[in-house]
There are 2 protein chains.
Amino acid sequence: MGIAERKIRQKEEFKASILEAAWQQVISDGWQSLSIRKIADAIEYSIPVIYNHFENKEAILLEFTKEGFQKLADTLQEVKDQYEVPAQQLEAMAHAYWDFAFDHNEYYQLMFGLGIPACDRVKQIIEMKTATGIMISTIKEAIAQSNHPETDYFLKYHTYLSILHGLVSIQMIQKEGKPDASKKMILQDAISGFIISITSK
Amino acid sequence: MGIAERKIRQKEEFKASILEAAWQQVISDGWQSLSIRKIADAIEYSIPVIYNHFENKEAILLEFTKEGFQKLADTLQEVKDQYEVPAQQLEAMAHAYWDFAFDHNEYYQLMFGLGIPACDRVKQIIEMKTATGIMISTIKEAIAQSNHPETDYFLKYHTYLSILHGLVSIQMIQKEGKPDASKKMILQDAISGFIISITSK
DNA sequence: AATTTTTGTTAACACTGTTAACAAAAGTAA
DNA sequence: TTACTTTTGTTAACAGTGTTAACAAAAATT
């Protein structure tokens with residue numbers, strides 16, 4: 001009986017079409033002006049059908065948040081694989097992180113900014129752990145090869161991520177769109193300082 | 001004729017009472033659930049009176065943002081004055097920044113986070129320039145006394161602020177309330193690395 | 001005392017997210 | 001095919017939001 005399978009397939013397609021319409025909204029007018037009504041309007045269905053597929057609006061945004069972390073994780077892994085030395089990996093990943101933030105502005109804002117972090121549920125985003133896992137492992141490797149292998153890797157990871165997020169978000173507040181290449185010097189400056197603090201004393 | 005003066009005084013008081021009611025709302029339920037209606041209810045007036053004193057809701061939040069930057073500037077200046085050596089000043093200011101962020105959580109979220117930074121108007125907050133001015137001048141002094149007086153101070157300032165904001169906001173996303181003292185080691189770690197990058201090669 | 005200005009209110013508009021009540025279509029069983 | 005059940009979708013409403021136009025009341029001015 002392929003009938004049941006067709007049904008769940010259609011359900012998946014419907015869900016995807018909702019997300020697609022929602023994403024269209026997000027990239028054209030920002031996630032703040034995303035509304036259930038506009039989504040319903042776009043897919044030419046009534047409002048409550050959306051609630052058959054998503055518990056609420058937050059669930060839709062959560063979907064994008066997950067997507068964002070998955071994309072970030074993929075990007076980081078890809079970049080990491082292009083190098084051998086942990087220090088080089090950390091530097092390359094920092095630049096990739098920066099590029100991701102500005103190339104996928106909407107994702108980044110959903111993942112971090114936005115003020116509706118739904119702090120409780122943040123830990124339940126396993127895609128986030130994927131991304132952080134890649135960073136942590138690289139930090140660990142860098143520390144292992146350094147002159148101070150007893151260094152607290154979690155502290156260093158936290159520092160690494162904070163520097164990256166800080167640079168990105170300060171830049172985002174001041175300017176919209178991707179900043180010019182000269183602004184990347186700030187990233188280079190901060191991240192090389194960080195790497196030195198690990199590799200050598 | 002003290003009559004005109006009384007009027008503007010009353011107007012000021014009214015404005016202040018609006019802000020007070022609003023702030024009460026903010027600290028009890030967060031700025032996201034602040035509403036004009038609740039304010040009107042609290043001050044026992046009808047809704048439109050608020051619009052006689054504030055252009056819109058954003059103007060009210062902007063007021064708090066300014067207040068926040070002013071408080072931050074005051075705090076930084078006060079801490080800075082307790083030290084002589086720029087490097088020590090930078091370190092102390094970093095800790096003061098951290099404490100401010102968590103002691104005045106609501107202010108900090110309005111000042112940076114929140115996703116409604118109203119990017120256009122951000123530059124018009126002169127209180128922000130006051131705060132950044134204090135940091136920049138200290139960075140300049142630190143660079144002047146270093147072995148590399150030709151270092152780009154604006155780049156270093158940007159790095160300094162990014163590290164601080166990054167540390168704070170990452171911490172805020174993961175936990176609510178003030179983090180335990182051990183978490184401050186991360187700040188210590190990052191900021192001492194930064195200071196070394198200025199003072200010595 | 002009449003008139004203008006300020007101040008405040010009521011009521012509405014145009015939006016939000018969300019849900020209860022109900023109709024229509026689709027699938028199942030006799 | 002007919003009767004029944006389940007899924008799917010719609011209409012209409014509730015409870016909110018920011019904002020504003022039209023109007024009444026109070027205060028100040030002439």
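Q: Domain bounds come from an automatic or database domain assignment, so what makes the domains of chain A, and where do they run?
A: That assignment divides chain A into domain 1 (1-54) and domain 2 (58-199). This is a predicted model, where local features need pLDDT of at least 70 and side-chain atom pairs count only at pLDDT 80 or more, while totals for chains, interfaces and linings use all residues. Residues are numbered from 1 along each chain as its sequence is written, with chains lettered from A and ligands numbered from 1 in the order in which they are written.

Q: How far apart are the C-alpha centres of these two domains of chain A, and how do you know that the domains touch?
A: The centres lie 30 Å apart. Still, seven residues of domain 1 and eight of domain 2 take part in the contact, because two residues are in contact if their C-beta atoms, placed from the backbone, lie within 7 Å.

Q: What classes of residue make up the domain 1 side of that contact in chain A?
A: It has seven nonpolar, no polar and no charged residues. Nonpolar here takes in Ala, Val, Leu, Ile, Met, Phe, Trp, Tyr, Cys and Pro; Asp, Glu, Lys and Arg are charged, and the others, Gly among them, polar.

Q: Which helix of chain A gives the most to the side that touches chain B?
A: The contact takes 31 residues from chain A and 30 from chain B, and H8(A) gives the most to the chain A side, with 14 residues. By class, the chain A side has 16 nonpolar, 13 polar and two charged residues.

Q: Why is the set around Ile163(A) and Ile163(B) called a nonpolar core?
A: Because it joins buried Ala, Val, Leu, Ile, Met, Phe, Trp, Tyr and Cys residues through C-beta atoms within 7 Å. Buried means 20 or more other C-beta atoms within 10 Å of a residue's own (exposed is 12 or fewer, partly exposed in between), with C-beta atoms placed from the backbone. This largest core has 91 residues, and those two Ile163 residues have the most contacts inside it. Helix H8 (residues 153-174) of chain B gives the most, with nine.

Notes. Helix = DSSP H or I, 4+ residues; strand = E, 2+ residues; numbered from the N terminus. Domains from an automatic or database assignment.
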